[in-house]
Amino acid sequence: MRDAYAFFKAVLKGKNMAKSKGSAFFCKECGYESAKWFGQCPACKEWNTFVEEPVIKDATGRKKTVTLSEAPVTLSQISVETDDRISSGIGELDRVLGGGIIKGSLVLVGGDPGIGKSTLLIQMCRHIAKENHKVLYISGEESLKQIKLRAERIGEFNDNLTLMCETNLDNVEAALKKYTPEVVIIDSIQTMYREEIGSAPGSVSQVRESTSVLMQLAKGLGISIFIVGHVTKEGVVAGPRVLEHMVDTVLYFEGDRQAAYRILRSVKNRFGSTNEIGVFEMRENGLMEVLNASEYMLSGRPEDAPGSIVVCLMEGTRPILVEIQALVCRTNFNLPRRTAVGTDPNRVNLLMAVIEKRMGLRLSECDAYINIAGGLRINEPALDLGIVMAILSNYKNKEIGSRTIAFGEVGLAGEIRAVSQAEMRVAEAVKLGFEKCIVPSVCLKSLEKLKGKIELVGVKSINDLIGIM
Ligand code: TYD
Ligand code: MG
């Protein structure tokens, strides 16, 4: 007992010493700072994310004299120029940014390594340079030769684009002040460092400090800065979530590296709506915009297969049709297997329990696999009805019909509840030539206008599906 006490005392003493030397523990997922180590981060609940890093307080000697630089103003005194946005030249990127690049904004582009962040940004640079805006691409990852090789695959560039290999942020700052470009790309934030901070590039404190410096430069000089941030699974490199709160706009580039298409999603936007997505396809000569996402997502769909149905979901203001597939078969185990790819498995379990209870089907004896074809990840409640119908269709081995779509939320009592923007969803189905649409009964009123164009079937509860299928 004594020994244990002495041991803890020694440990505590050690910790205190570390603290007085100026170090702290940071969560490399979310950047939470703490004087002691945690196994699980109290903020983001991730395990094993704490790393110790030195902290240098007041290295730059800020906070010395406080002078009031500007008096507060009223709203009417602030003038807003309308042409503050410049187009990135890529429609899908403009949409996600909220209509173009805002002067003096700081944008974070996050994503797995190799997903195509550098490719997208260099393509953007090409278009901006063509429109006579000065662009500076600062790379800390690739040599100038490597960038040139990539650029050659994409197309011709003019001399408004300049490149630089640099990782020292003081030099970056000097370059921005000297050359005053309009748009700057920092590829990537995890390679940038400031000498005053003792820790290695990529650590939480370096990434944070670098971002705050870039923020001041963007606002002070009116330069739009794009920061690339790699999503990291392991190691001590801080992820992009650490700096999400500091920047104006956060875009994530997602998708299977094996699949050709990529989705650019906006998670935070101080200048536009979030939840917008841009769809791209990776080709050998760079990223191509996918203008008709629904058609793209549905290509290669099996005709009249049991367990397959098309649903309409909303990504921001845009309706997208996707196919849901279900496979239900007798289980060989006591505990049936339930797998969902592209959606929440807990939601699938819940829906299966609702079907079992309300319709009396013995689904607890069955394994079930749900797949959102095309690799999208969706968590919209409007998907529920589609999942239920796909499960029923495969369980009963009866096809639904390839010209039918469905959407609606399913409640625990088996009731089908209304979803938002029903009209836009049905209009998208009409556009792509679907003939029948199964919707919540409560939505029928708002769909009067589309009545002649598509057969509309309203359902009140999942038991109504028996008559339809
Ligand atoms: P990259 O932009 O380097 O990814 P990131 O900056 O996010 O790490 O792109 C990576 C992948 O894209 C790479 O594996 C090769 C592929 N690619 C193409 O298929 N076509 C192209 O024209 C280019 C430039 C890259
Ligand atoms: Mg890159």
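This is a predicted model: local features need pLDDT of at least 70, side-chain atom pairs count only at pLDDT 80 or more; totals for chains, interfaces and linings use all residues.
Local features need pLDDT of at least 70, side-chain atom pairs count only at pLDDT 80 or more, and totals for chains, interfaces and linings use all residues. Residues are numbered from 1 along each chain as its sequence is written, and side-chain values use heavy atoms, without hydrogens and water.

**View 1. Surroundings of ligand 1.** 16 residues surround ligand 1 (a heavy atom within 4 Å). The closest are Gly 114, Ser 118, Thr 119, Arg 283 and Gly 286. Polar contacts are pairs of N or O atoms within 3.5 Å. A polar side-chain atom of Ser 118 lies 2.5 Å from a ligand oxygen atom. A polar backbone atom of Gly 286 is 2.6 Å from an oxygen atom of ligand 1. For a backbone N or O atom of Gly 116, the distance to a ligand oxygen atom is 3.0 Å.

**View 2. Packing of helix H8 (residues 345-359) and helix H9 (residues 384-395).** Helices are DSSP runs (H or I, at least four residues), numbered from the N terminus. The H8 and H9 axes, lines fitted to C-alpha atoms over the stretch in contact, are 10 Å apart at about 60° (angles run from 0 to 180 degrees between N-to-C directions). Arg 347, Val 348, Leu 351, Met 352, Ile 355 and Met 359 in H8 meet Asp 384, Ile 387, Val 388, Ile 391 and Leu 392 in H9 (heavy atoms within 4.5 Å).

**View 3. Packing of helix H5 (residues 169-179) and helix H6 (residues 204-221).** The angle is about 10°, with axes 11 Å apart. H5 is therefore roughly parallel to H6 (under 35 degrees). Leu 169, Glu 173, Leu 176 and Lys 177 in H5 meet Ser 210, Val 213, Leu 217 and Leu 221 in H6.

How values were computed
Chains are lettered from A and ligands numbered from 1 in the order in which they are written. Helices (H or I, at least four residues) and strands (E, at least two) are DSSP runs, numbered from the N terminus. A polar contact is a pair of N or O atoms within 3.5 Å; within protein, one must be able to donate a hydrogen and the other to accept it, and residues adjacent in sequence count only if both atoms are side-chain atoms. Angles under 35 degrees count as roughly parallel, over 145 as roughly antiparallel, 65 to 115 as roughly perpendicular and the rest as oblique.
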